[in-house]
Amino acid sequence: MNIHEYQAKQLLKQHGVAVPSGEPCKTVAEARTAAEKLFASGHTLAVVKSQIHAGGRGKGTFKHGFKGGVKLAKSVDEVVDFADNMLGKTLVTVQTGPEGRVVQTLLVAAAEKILKEFYLAVLLDRANSRPLIMASTEGGVDIEEVAHKTPEKIIKEWVDPAVGIQPYQARKVASALGLKGDAFNSAVKVILGVYKTWWECDASMVEINPLAVVETPAGKQAVLCVDAKIGLDDNALYRHPDILGMRDLAEESPLEIEASKFSLNYIKLDGSIACLVNGAGLAMSTMDIIQHFGGMPANFLDVGGGASKDQVSAAFKIILSDPNVKAIFVNIFGGIMDCNVIATGIVEAVRETGLKLPLVVRLEGNNVAAGKATLASSGLTIISGDTMADAARKVVAAVAA
Amino acid sequence: MSILVTPQTRLLVQGITGAFGARHAQLSIDYGTQVVAGVTPGKGGQVFEHAGVKVPIFDTVAEAVRETRATASAVFVPPPFAADAILEGVDARLDLVVAITEGIPVNDMIKVKRAMQGSATRLIGPNCPGIVTPGDGKDSHGGCRIGIAPGYIHKRGHIGVVSRSGTLTYEAVFQLTSRGVGQSTCVGIGGDPVNGTSHLDVIQLFMADPDTHGIIMIGEIGGSAEEEAAEWIKAHGTKPVAGFIAGATAPPGRRMGHAGAIVSGGKGTAQAKFDAFRAAGIGVAATPSEMADTLLKMM
């Protein structure tokens, strides 16, 4: 699960990490109040940030022509003007696709005087199953490019999960970033807090980009998280009801939400051949084999190991609500599950939905003869495939026809 | 011979009284596997009965091991309690713990993996279909089936299969058996980002097993375990290996069903894994329909 920047900053703050003062706003009036508070407390510059689950906001453009999903404002009136141009409007960035996302929340925060920008992240290193703290002096830019072109600029510190992070590790990272004095001490505290947030929230990734050295009103240097991104481990959400409450359904595909209600794992893609498969590996392979024979998959859909008739029926309705779909490929290897149950589910779903599109079914496994007989005697036009390759060729041909 | 388990392996099932655990304990008994004990805390003293086989249930794994000399365990415990169940098996000094459970929090597995450092117990999974060493009987009856794989599609023979995915493993096994080619052992290592046994671990076991003559290795996007195995095969491989990587068409940044199947930060792509396969002389199946044929052509 992903959360918004303002929510990520709330979690970081709860774990002792310094973030710029600011508030989430859902209306222009709220934005005005938040701005008034900021300017009254001595800040001279505010930043208005669109809250969507996609990057590239600053360089994005709203569909009505307004440029920039992140704007600096020098006055309350300016904040109000920006809020008016962002709230309820659709922001298109390099990551949203051409349809963009509707901005429903803004983060109105103090814009700090940034002296230097760094990168900081905590993630799982899959190669050794340990938490990894990654930092770089190259902040505020695309970190993947830094890692690719100048890997020596990436600082790595692994944490032993048996004892957790030790303060010396945070000091090593802060020192490697070249920090001194107040900034060094402040960074150590931030690094420890960011790690704590990652571990205690069961995050899959906490990314601070940029982590900034700023000048405080008292003229001292401090380190704080100017932007923050947190991804969470879905498997652990059951023990974090507060974080689960941060889920924003508006940021998810309606079809994917509908699928999750039936414990179906569905991901919408851009092609024209819908697939319905049992098992994640087989579902991915089915997409791959469609492409191998010249077609394009419309979705990933794993109905799971013990799919019921109801699930098959729900799955059909979901894939048929995608207007790009021109044919359907059902690929089931029923090791334990009864192929006849699946076949019955398919026949019912086809009748219920009045399916007009070509349907190719490849059924293999337990009780497969009965399953094939059910399909054959249904009177429906179902194209049968003997192997995955045979079925894939047939479904690609059906779309081309 | 085979790897990890033989038809004589004495199996205990953690979570034997749950619907999922019970169903698959029954199927393992039907397959002829030596299911010697069940563990469900609070139900010690009860008996799990199926097809004339009486399996005693214990409160703890330690007790089950002491009383029945079980050496391997299948974990069917729900996600919140699964890490504890795995470590209980480690504490009882089992040779093998196979965690079937899907949905264990990553941080729990990070702790489990760290706690298992230096222990003699091998963990397979989690989020995996388990292991099958086929038997000599009809439809490979009499073998050792730990987990949820369909036993009957197997056939006793000399090909080792290792995979991160369940149904894709069955697909490969079915292709082999349909061509009259049997398997030594089939291992599903699971689709999670942190797992007990890697592709490389299983490949090394297969290479050392005189009864395994060829290997099918099935991977998927995410992580670099396939690349590591390929690197080792390039330097030390002595038997033909063919394979497939699922997920070439998966969009980056999306988790494809399995928690570990994600291309993130440009890492873990199918292309990189296929390249590593080719560089190591591993036969690449052009489609998942050709996994068995690709290997058989090399043998």
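The model examined here is predicted.

**Exercise 1.** Determine how α9(A) and α13(A) are oriented to each other.

*Solution.* Step 1: helix α9 of chain A comprises residues 280-292, and helix α13 of chain A comprises residues 388-400. Their axes come within 9 Å and cross at roughly 50 degrees. Step 2: angles under 35 degrees count as roughly parallel, and 65 to 115 as roughly perpendicular. Step 3: α9(A) and α13(A) are therefore oblique to each other. The crossing in which α9(A) passes α13(A) is right-handed.

**Exercise 2.** State which residues make the contact between these two helices, and classify them.

*Solution.* Step 1: α9(A) contributes A:Leu282, A:Ser285, A:Thr286, A:Ile289 and A:Ile290. Step 2: from α13(A) come A:Met388, A:Ala389, A:Ala392 and A:Val396. Step 3: the residues of this contact divide into 7 nonpolar, 2 polar and no charged.

**Exercise 3.** Describe the two faces of strand β3 of chain B and its pairing with β4(B).

*Solution.* Step 1: in β3(B), residues 47-50, the side chains alternate. Step 2: β3(B) runs antiparallel to strand β4 (residues 53-58) of chain B, to which 4 bridges join it. B:Glu49 stands opposite B:Lys54 in β4(B). Step 3: the two strands form a hairpin with 2 residues between them. In the turn, B:Ala51 has a positive phi of about 50 degrees.

**Exercise 4.** Is B:Ser28 buried or exposed?

*Solution.* Step 1: B:Ser28 lies in helix α1 (residues 19-31) of chain B. Step 2: its relative accessible area is 2%, and buried means under 20%. Step 3: B:Ser28 is therefore buried. Leaving aside neighbours within four places in sequence, B:Ser28 is in contact with B:Thr33, B:Val35 and B:Arg145.

Definitions and conventions: Residues numbered from 1 in each chain as written. Chains lettered and ligands numbered in written order. Predicted model: local features only at pLDDT ≥ 70, side-chain atom pairs only at ≥ 80, totals over all residues. Heavy atoms only, no water. Buried < 20%, exposed > 50% of the residue type's maximum accessible area, 1.4 Å probe, protein only. Contact = heavy atoms within 4.5 Å. Axes fitted to C-alpha atoms, helices over the stretch in contact; angles between N-to-C directions. Parallel < 35°, antiparallel > 145°, perpendicular 65-115°, else oblique. Left-handed = near helix turned anticlockwise from the far one by under 90°. Nonpolar A, V, L, I, M, F, W, Y, C, P; charged D, E, K, R; others polar. Pairing = 2+ DSSP bridges.
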